[in-house]
Amino acid sequence: MDIKIQIRQLSVSYNGTPALRSITLDIYKNCITGFMGPAGSGKSTLITLINRMIDFEEGVRYDGEIRIDGINVLDPAVDVVALRRRIGMVFAVPLPLPRSIFDNIAYGPRLKGITNMTDLYAIVEDSLKKAFLFDEVKDRLMTSAMKLSGGQQQRLCLARTLALQPDIILLDEPCSGLDPISTAKIEEALSELKKDYTIILVSNNTKQIARTSDYAAFFYMGELIEFGETPRIFTNPSQKKTEDYIQGKFG
Ligand SMILES: Nc1ncnc2c1ncn2[C@@H]1O[C@H](COP(=O)(O)OP(=O)(O)O)[C@@H](O)[C@H]1O
Ligand SMILES: [Mg+2]
């Protein structure tokens with residue numbers, strides 16, 4: 001397995017309070033890596049460092065390294081705009097633009113200078129298919145995205161991300177507001193997408209991590225307690241804390 005992201009001795013604090021403590025972790029290419037752990041354990045902090053979205057926060061300090069394809073993205077000289085373009089992100093709450101389904105997905109490609117409608121349509125169709133949404137919306141691409149169900153909006157947000165052709169996709173609790181059927185569709189899409197992308201899935205649902213991820217990382221109070229292949233983590237965790245968490249003894 002090729003390593004896509006190498007995280008090395010990464011520590012983060014907000015206004016002097018530690019949020020991550022010396023995290024060292026490899027993220028493998030063409031795999032889904034699941035991040036689990038109770039609220040406040042540092043999962044969102046870690047993924048927002050990978051695309052440097054954390055730079056929007058006040059009072060943040062970080063040190064250590066996050067190497068993507070060998071390049072340390074925490075280096076102050078890194079072009080963060082270019083970095084964010086390579087890394088797609090999907091959040092817990094889907095936030096479509098109050099525009100048509102088509103325009104939501106074409107928005108990013110248009111910003112990149114693609115204006116030909118045939119080209120745009122091809123990107124929209126391809127992105128919707130990859131997000132397992134095309135069949136449900138193909139007859140109403142020009143209607144408002146706001147009329148879609150929550151589960152459809154979340155897949156639309158995934159499609160919008162894919163239209164920008166990232167190579168890494170970060171998802172921060174993307175199914176937390178969704179019903180089981182919508183959740184299953186997202187999981188199905190991710191299982192296909194990992195062939196072409198490197199995916200990090202943050203979830204407060206350990207069953208989702210068990211079902212979908214190839215590797216799992218368990219975080220607790222800013223520490224990486226355990227990391228490994230998902231079947232091993234769930235059947236034979238080496239740390240008592242991991243076992244207790246998986247068994248639902250705390251959350
Ligand atoms: N913008 C922020 N300012 C101050 N503290 C923050 C901020 N974001 C997160 N934290 C703190 O950092 C820790 C980790 O939070 P977070 O990364 O959001 O955890 P998780 O995603 O696992 O719930 C928590 O103690 C949280 O309160
Ligand atoms: Mg979070």
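1. Two strands are taken to pair if DSSP finds at least two bridges between them, and the helices (H or I, at least four residues) and strands (E, at least two) are themselves DSSP runs, numbered from the N terminus. On that basis, I168 stands opposite T198 in β8, and five bridges join β7 (residues 168-172) to β8, the two strands running parallel. The chain passes from β7 through helix α7 (residues 180-193) to β8 in a right-handed β-α-β crossover, a label used if, with the strands pointing away from the viewer, the path from the first strand over the helix to the second runs clockwise.

2. The model is a predicted one, in which local features need pLDDT of at least 70 and side-chain atom pairs count only at pLDDT 80 or more, while totals for chains, interfaces and linings use all residues. Residues are numbered from 1 along each chain as its sequence is written, with chains lettered from A and ligands numbered from 1 in the order in which they are written.

3. Strand β8 also pairs with β3 (residues 32-36), to which four bridges join it in parallel, and here F35 stands opposite V202. A residue is called buried if 20 or more other C-beta atoms, placed from the backbone, lie within 10 Å of its own, exposed if 12 or fewer do, and partly exposed in between. Five of the five residues of β8 (residues 198-202) are buried, so the strand is largely enclosed by the rest of the structure. In a regular strand the side chains alternate between the two faces of the sheet. In β8 both faces are covered, with T198, I200 and V202 buried on one side and I199 and L201 buried on the other.

4. Helix α7 has 14 residues and reaches 20 Å from its first C-alpha to its last, close to the 20 Å expected at 1.5 Å a residue, where the expected span is 1.5 Å times one less than the number of residues. Its buried residues are T183, K185, I186, A189, L190 and L193. Contact means C-beta atoms, placed from the backbone, within 7 Å, and the cover over the buried residues of α7 includes β3, α4 (117-130), α6 (150-162), β7, β8 and α8 (206-212).

5. A nonpolar core is a set of buried Ala, Val, Leu, Ile, Met, Phe, Trp, Tyr and Cys residues joined through C-beta atoms within 7 Å. The largest has 65 residues, of which I66, A131, A159, L170, I199 and I200 touch the most other members. Strand β9 (residues 215-220) gives the most to this core, with six residues.

6. An open sheet of four strands has the order β2-β1-β4-β5, with antiparallel pairing. Its edges are β2 (17-28) and β5 (71-72), each with a single partner strand, so one side of each is left without a neighbour in the sheet. Eight bridges join β1 (residues 3-14) to β2, and the bridge partner of S13 in β2 is P18.

7. Two non-glycine residues with positive phi deserve a look. D69, with phi near 50°, lies in the loop between β4 (60-68) and β5 and is partly exposed, having 14 other C-beta atoms within 10 Å. F132, with phi of about 55°, lies in the loop between α4 and α5 (134-137) and counts as buried, with 20 C-beta neighbours inside 10 Å.

Methods:
Two residues are in contact if their C-beta atoms, placed from the backbone, lie within 7 Å.
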